[in-house]
Amino acid sequence: MISQWQLRAAFAARLSDMYGREVPAYTTLVDISREVNEDVLRAQGADAERLGSIGRVTAERHGAIRVGTPAELARVARVFGALGMRPVGFYDLREAAASAVPVVSTAFRPVDGEELARNPFRVFTSMLTPADPRFFDADLRARLETFLAGRELFPPELLALADRAEAERELPEADAERFLHLAVAAFELSTEPIDKAWYETLERVSAVAADIGGVRSTHINHLTPRVLDIDELYRRMTERGIEMIDTIQGPPRWKGPDLLLRQTSFRALAEPRALRTPDGGVTSGALRVRFGEVEARGIAVTREGRALYDRLLTLLDERTAAHPGADRADLAHSLWTEHVPGTERELAAQQLAYFTYHVVPDRPRDGSRPPEALGDLLAQGWVRAEPIVYEDFLPRSAAGIFQSNLSDAGSRDNDQQGAAYDSDWLSGAVGREILDPFALYERQQTESLAQVAAELEVHLTTLKGAS
C-alpha cells in the first residue's frame, strides 16, 4: 500500500521531471539551487539547517496552477486531498496587483508538522473571477463562463482514485501508479490548438485570464525549488545568461533572522503553441505563460508580526516615492534594521514570530525549581526555541511575480465596483474549509508550550514582561 505522503512525494518528483523536460531552464534553476544549498551548508554547518534539514530543503517544491471556476477548484481539491493536502489561506491578487490579475487564490499543502517534514509539497492555486466587472463586461463574462463550463480538466477515473486515496489515506501500488500517471498528465501543457481569436480577446483584458480561460486544459504554471541564499542564486542564474525578473520579492536581505518568504523567477519563456485561426486553419505561434520561480523561506510571523511587515511595505513605498533615485533594496534594508528585532529571542519576546518550545534534556540540575516565565526558562537554559517555518505565501509577492512575467498591464476599469470574494465564499465554493495559516502556526506553538509545562510541572506565563 502507498500512503498519502508517499503519493505526495512521488507526485512532486514526477511533476518536477515533467516540467524539466518541458521547460529546460527549470532544470538549470534546480541544479543551481542545489549548488547554492551545498555551498551554504559547507559554509554555515548546522546553522544552515535552522529552518529545515538539507534533505527537506533540497526536495522541497511548490507548484502553481490556475483554474476557471469554483467547480474546477473543487475538483483540484479532490486531487490534492488524495495527497494529504488541504486548502490554506485566501489570497486576493486582484487587490495586490497594480496590473490586471483577475484571480483569487488558495494554497494546498500538508498541515501536520510530521507530514510537512516528510514532504512539504504545496500548490498555489488561482481561480479566475469572471464576475468582477472591473475586468469582464457582461457579454465577455457570459462567453467566458460558457467556455469554461464546456471543458473537463480532470478525467473521472482520476477523481475516483483521488476520492478513494483521500478516504482510505492510501492506495494499492497498481492504483497508486495509475493515479500518479493521470494526475501528472492532467498538468502537462496541452498540444491541442488554441482558438487564436478567443485567446487574444481575453489577452487584451489580462494575459493571466487568457492563460486560464483561453485554453481547454490547465497546466503547471511554475514549479519552485527552495534555496538557502536567494541573492546568490539570482547572481549565478544571471551569470548563466538566464533573464531574471528585476527584483527579489518579499523582505530584504539583512543581518537579522529570515522572515516570511522571498521569491524571484526567470522570465516567462516564449514557447511554441499551435493556434487555430478563424478560417479553421492551424498556424504556429508562441505564448509566454510559464516561468521558473525560486523561493527562500523564513520564520512564520504572528498577526502582530504580519501587521509590522505590512506597515514596513507601506513605509517603503512612501520612501521610494519620496526618493526616486534611491535604491529600493537599500531603503528596505534600512527600514528593517530600524524596525525589526534583530534576533530570534527578541522576535519571540515581542510575540512577532512563531516558535516551538522544547525542554533542554541535558541541562545541569541545581535543585532549584524552574521559573514560570517563559522568557526566564529560555534565559536560564531550561527551554530552547525552534523557529516555525513559514509554509504559506504573500499576496503582494505572488502578484509581483505574476506581473513581472506579463508583457503588458492588461485592462482594468477601476470606476466599477469589484466583485466580493473572501475566504468564507471560497470555502463554500470548494466545499472545504479554507484553513487560517495563523491558526495552524498558533496551534503548533501552543501544543509545544503545553508539552513544556507538563514536563517541567510549571504554570507558564507569557513571554511579554519576562526577564
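**Reading helix packing and cores**

The crossing of helices H13 and H14 is right-handed.

Biologist: How is a pair of packed helices described?

Modeller: By the angle between the two axes and the distance between those axes. Take this predicted model. H13 spans residues 303–322 and H14 spans residues 328–339. They pack at about 140 degrees, axes 10 Å apart. Angles over 145 would count as roughly antiparallel, so H13 and H14 are oblique to each other.

Biologist: Which residues make the contact between H13 and H14?

Modeller: From H13, they include Leu-308, Tyr-309, Leu-312 and Leu-315. From H14, they include Leu-331, Leu-335 and Trp-336.

Biologist: What does Trp-336 touch, leaving out residues up to four places away in sequence?

Modeller: Pro-251, Pro-252, Trp-254, Tyr-309 and Leu-312. Trp-336 also belongs to the largest nonpolar core, of 76 residues. It is among the members that touch the most others, as are Phe-124 and Tyr-357. Another core of 62 residues lies apart, with Leu-171 and Val-294 among its members.

Biologist: At what angle do H4 and H18 pack?

Modeller: About 75 degrees, with axes 8 Å apart. That falls within 65 to 115, so H4 and H18 are roughly perpendicular. Pro-70, Leu-73, Ala-74 and Ala-77 of H4 meet Trp-425, Leu-426, Ala-429 and Val-430 of H18.

Biologist: Where is confidence lowest, and where highest?

Modeller: Where pLDDT is low, predicted coordinates should not be read in detail. Here the chain averages 91, and 98% of the residues score at least 70. Helix H17, residues 395–404, has the lowest mean, 80. Helix H8, residues 156–168, has the highest, 98.

Note on methods
Residues numbered from 1 in each chain as written. Predicted model: local features only at pLDDT ≥ 70, side-chain atom pairs only at ≥ 80, totals over all residues. Heavy atoms only, no water. Core = buried A, V, L, I, M, F, W, Y, C linked by side-chain atoms within 4.5 Å. Buried < 20%, exposed > 50% of the residue type's maximum accessible area, 1.4 Å probe, protein only. Contact = heavy atoms within 4.5 Å. pLDDT = per-residue confidence, 0-100. Helix = DSSP H or I, 4+ residues; strand = E, 2+ residues; numbered from the N terminus. Axes fitted to C-alpha atoms, helices over the stretch in contact; angles between N-to-C directions. Parallel < 35°, antiparallel > 145°, perpendicular 65-115°, else oblique. Left-handed = near helix turned anticlockwise from the far one by under 90°.
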